[in-house]
Amino acid sequence: MSAAAVEHPCDDGPRPLLVTANRLAEQHPGYRVEIIGGVITVAPPLDGPHARALTKLMRPFIMAGLDDGETAVLQGIGLWLPGGPEDYAIPDLALVDAHFDEHLIENNSYDPAVFRLVLEVTSSNYNSDLRHKVAAYAEAKVPVYVILDRKHGRVHVLTEPLGGSYDRHEVYAPGQQAPLPASIGGEVSLDVAELIQAGRAKPRTPEA
């Protein structure tokens, strides 16, 4: 399901945003540093419920056989964005073509042509996932963008990228299954209630 590689200028001039972004990443281990729309964003380390939800999200993809053969399920892989000369994002989870290694572009980020799906689990910067990244991923022509919206308790499935948006946007609530398009290479349906529950902090047990 690969497309032609994205063309990028091959100049040897300074890349000030990338230099700054990499410096911030070195100074703040565990933080996620991205450049979207020419703006550097820095997100704090993820909390435990976020990590728990992400683990549960990986399971249906793996059970569908999408982590072997033609595709791979990966966390934290860089996606080079066409929206700016130095733009890149690091989605929480991605489904990519197995030969993605051959499509490294720059700064540990890969050609969007090898991405079949990207997925974000919202944190305190949920507006970025629900707005800025919608435009960025659509412009990169990533076929499917899934958002686990922990703040509002729902799952968004966006498909059919067109310009800076997605032409199709389905929203699923707890009690529903969120089916993903077969174009990703397998049959995957997400249990919204299970994911929302996994993404919530559990109350502390009172001390005796």
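# Salt bridges and an open sheet

Arg168 counts as partly exposed, because its relative accessibility is 43%. Buried means under 20% relative accessible area, exposed means over 50%, and partly exposed lies in between, with a 1.4 Å probe and protein chains only. This is a predicted model, in which local features need pLDDT of at least 70 and side-chain atom pairs count only at pLDDT 80 or more, while totals for chains, interfaces and linings use all residues. Residues are numbered from 1 along each chain as its sequence is written, and side-chain values use heavy atoms, leaving out hydrogens and water.

**Salt bridges**

- Arg168 pairs with Glu170 in a salt bridge, and their closest N and O atoms are 3.2 Å apart. The term requires a side-chain nitrogen of Lys or Arg within 4 Å of a carboxyl oxygen of Asp or Glu.
- Glu170 is also partly exposed, because its relative accessible area is 29%.
- One network, built from salt bridges that share partners, joins Arg32, Glu34, Asp92, Glu120, Asp129 and Lys133.
- How many salt bridges does a search of the whole structure find? The search finds ten.
- Lys133 and Glu34 form one through their side chains, at 2.8 Å from N to O. This pair links distant parts of the chain, 99 residues apart: Lys133 sits in helix α3 (residues 126–139) and Glu34 in strand β1 (residues 32–36). Helices (H or I, at least four residues) and strands (E, at least two) are DSSP runs, numbered from the N terminus.
- Lys133 and Glu34 are both buried.
- Arg116 and Asp97 also meet in a salt bridge, at 2.8 Å from N to O. Here 19 residues separate the partners, with Arg116 in strand β9 (residues 115–121) and Asp97 in strand β6 (residues 93–97).
- Arg116 is buried, as is Asp97.

- Arg32 lies in strand β1. Arg32 counts as buried because its relative accessible area is 13%.
- The Arg32 side chain comes to 2.5 Å from the backbone oxygen of Ile90. Its polar contact with the side chain of Asp92 is 3.1 Å. A polar contact is a pair of N or O atoms within 3.5 Å; within protein, one must be able to donate a hydrogen and the other to accept it, and residues adjacent in sequence count only if both atoms are side-chain atoms.
- Beyond neighbours within four places in sequence, the contacts of Arg32 include Thr41, Val42, Glu120 and Lys133. Contact means heavy atoms within 4.5 Å.
- Glu120 belongs to strand β9. Is Glu120 buried or exposed? Glu120 is buried, because its relative accessibility is 0%.
- The side chain of Glu120 reaches the backbone nitrogen of Asp92 at 3.3 Å. A polar contact of 2.9 Å connects the side chains of Glu120 and Lys133.
- Residues up to four places away in sequence aside, Glu120 touches several others, among them Arg32, Asp129, Tyr137 and Tyr145.

**The six-stranded sheet**

- Six strands make an open sheet with mixed pairing, in the order β3-β6-β9-β10-β11-β12. Pairing requires at least two bridges found by DSSP between two strands.
- β3 (71–75) and β12 are the edge strands, each pairing on one side only.
- Direction ignored, neighbouring strands of the sheet are turned by 15° against each other on average. Axes are lines fitted to C-alpha atoms, for helices over the stretch in contact, and angles run from 0 to 180 degrees between N-to-C directions.
- β9 pairs with strand β10 (residues 144–149) in the parallel sense, over five bridges. Leu148 in β10 is the bridge partner of Val121.
- Helix α2 (residues 48–63) lies across β3, β6, β9 and β10, at about 150° to β9.
- α3 lies across β9, β10, β11 and β12, at about 170° to β10.

- Strand β11 (residues 154–162) pairs with β12 in the antiparallel sense, over seven bridges. One of the bridge pairs is Pro161 with Tyr166 in β12.
- Two residues lie between the strands of this hairpin, and Gly163 in the turn has a positive phi of about 65°.
- His169 is placed in strand β12 (residues 165–172). It is partly exposed, because its relative accessible area is 43%.
- Which residues does His169 contact, leaving aside neighbours within four places in sequence? They are His156, Val157 and Leu158.
- His169 and Ile35 are 134 residues apart along the chain, and 25 Å separates their C-alpha atoms.
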